[in-house]
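Thank you all for coming.

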Amino acid sequence: MPIAYIPRTQELYSSYTPYRWVVNETVPWTPLKKPLSSCKLALIASGGILYRDQPRFHGDDTSYRRIPKNAQASDLNIWHFGYPTAAAQADPNCVFPLERLRELEAAGLIGELSDPAFSFMGGIYSSRRVREELAPKIIEELKEARVDAFYLVPA
Amino acid sequence: MTSALDITQAVKPPRSVFLNFPLGHQTGKPHQPELQRQIVRDALSCFETIRRPGEIVELPYVWDPNDRTWEERDYTRGFMPRRPTPAEADASEAERRRRYS
């Protein structure tokens with residue numbers, strides 16, 4: 001049985017003000033206009049990935065980091081309070097599959113992997129701040145890079 | 001990509017791929033590039049196969065065939081390792097700055 005994360009989160013964080021879960025009634029939909037093999041794809045990850053000497057994240061931090069597409073695993077660090085990061089520290093591809101996406105780009109499965117990739121620390125208490133502060137900035141970046149699709153990986 | 005089915009059902013992203021692995025492994029296990037590649041490849045193929053807005057495709061991979069009860073223990077009290085203290089965090093950040101300056 002998959003874990004029921006909503007009740008288990010309420011239990012884990014029961015000493016805090018109850019979290020207001022995002023419940024959407026409608027689904028946004030943009031059809032993919034061309035095959036994936038012709039698309040420019042961006043990687044966005046909420047697992048708190050840092051490149052080289054980029055500063056770490058703080059509690060309720062709505063900033064994000066640009067991660068160069070050609071970053072090596074040894075260039076990456078993880079900073080996140082909300083999930084056990086040992087596996088991701090050992091191999092960032094567990095939550096930030098940059099190497100796998102480069103391979104799939106080289107194999108022609110995706111047209112182009114957008115540069116840079118983006119990462120933030122998903123433990124942000126206010127969904128309003130994600131919607132109003134963080135998301136618009138990343139969307140602006142994606143528009144500027146003229147990406148066709150993005151692959152969102154949580155942790 | 002998601003490992004939290006109930007949250008994803010509430011949020012309703014346009015296209016989702018559910019992998020029933022513990023948090024921190026949404027695109028696979030460490031140092032298993034073949035598994036990671038397969039998961040990412042399966043996920044990306046959904047850009048072309050999902051036609052119904054909000055559809056969630058479930059991937060067939062099993063976290064541990066010898067442990068069917070990990071979900072009962074994971075993400076419960078005490079599951080998080082100790083957090084680094086602010087001093088430890090500052091030290092590791094200073095070390096990264098030194099390494100790349």
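This is a predicted model: local features need pLDDT of at least 70, side-chain atom pairs count only at pLDDT 80 or more; totals for chains, interfaces and linings use all residues.

Let me start where the two chains meet, where 45 residues of chain B are in contact with 47 residues of chain A, contact being counted when the C-beta atoms of two residues, placed from the backbone, lie within 7 Å. On the side of chain B that touches chain A, the elements that give two or more residues are helix 1 (5–11), helix 2 (33–49) and helix 4 (86–100) of chain B, and helix 2 of chain B makes the largest share, with nine residues. Helices here are DSSP runs of H or I with at least four residues, strands are runs of E with at least two, and both are numbered from the N terminus. By type, the residues on that side of chain B are 21 nonpolar, 11 polar and 13 charged, where Ala, Val, Leu, Ile, Met, Phe, Trp, Tyr, Cys and Pro count as nonpolar, Asp, Glu, Lys and Arg as charged, and the others, Gly among them, as polar.

Residues are numbered from 1 along each chain as its sequence is written, and chains are lettered from A and ligands numbered from 1 in the order in which they are written.

Now let us take the chains in turn. Chain A has four helices and seven strands, which run α-β-β-β-β-α-α-β-β-α-β from the N terminus on. Its radius of gyration is 17 Å, close to the 15 Å that the globule rule gives for 155 residues, so chain A is as compact as a globular protein of that length; the radius is taken over C-alpha atoms, and the rule is 2.2 Å times the number of residues to the power 0.38. Of the 155 residues of chain A, 34% count as buried, a word that I use when 20 or more other C-beta atoms lie within 10 Å of a residue's own, with exposed standing for 12 or fewer and partly exposed for anything in between, C-beta atoms being placed from the backbone.

Chain B, for its part, has four helices and two strands, in the pattern α-β-α-β-α-α along the sequence. With a radius of gyration of 18 Å, well over the 13 Å that the globule rule gives for 101 residues, chain B is more spread out than a compact globule. Of its 101 residues, 24% count as buried. If we take the contacts with a separation of 6 or more, residues 24 or more positions apart account for 74% of them in chain A and for 49% of them in chain B.

Which residues of helix 2 of chain B are buried? They are Gln36(B), Arg37(B), Ile39(B), Val40(B), Ala43(B) and Leu44(B), and because they fall within an arc of 165 degrees, seen down the helix axis, they line one face of the helix; the arc is that of the directions from the axis to the C-beta atoms. What covers these buried residues includes helix 3 (98–106) and strand 7 (149–153) of chain A together with strand 1 (15–18) of chain B. The face turned away from the buried side carries the exposed residues Glu34(B) and Thr49(B).

The largest nonpolar core has 46 residues, and those that touch the most other members are Leu43(A), Ala45(A), Ile49(A), Val95(A), Phe96(A), Val153(A) and Ala43(B). Such a core is a set of buried Ala, Val, Leu, Ile, Met, Phe, Trp, Tyr and Cys residues joined through C-beta atoms within 7 Å. The largest share of this core, five residues, comes from strand 1 of chain A. Leaving aside neighbours within four places in sequence, Phe96(A) is in contact with residues including Ala45(A), Ile49(A) and Val153(A).

Finally, consider two loop residues. Gly123(A) is in the loop between strand 6 (117–119) and helix 4 (127–144) of chain A, and it counts as partly exposed because it has 16 C-beta neighbours inside 10 Å. Arg52(B) lies in the loop between helix 2 and strand 2 (55–58) of chain B, and with 9 C-beta neighbours inside 10 Å, Arg52(B) counts as exposed.
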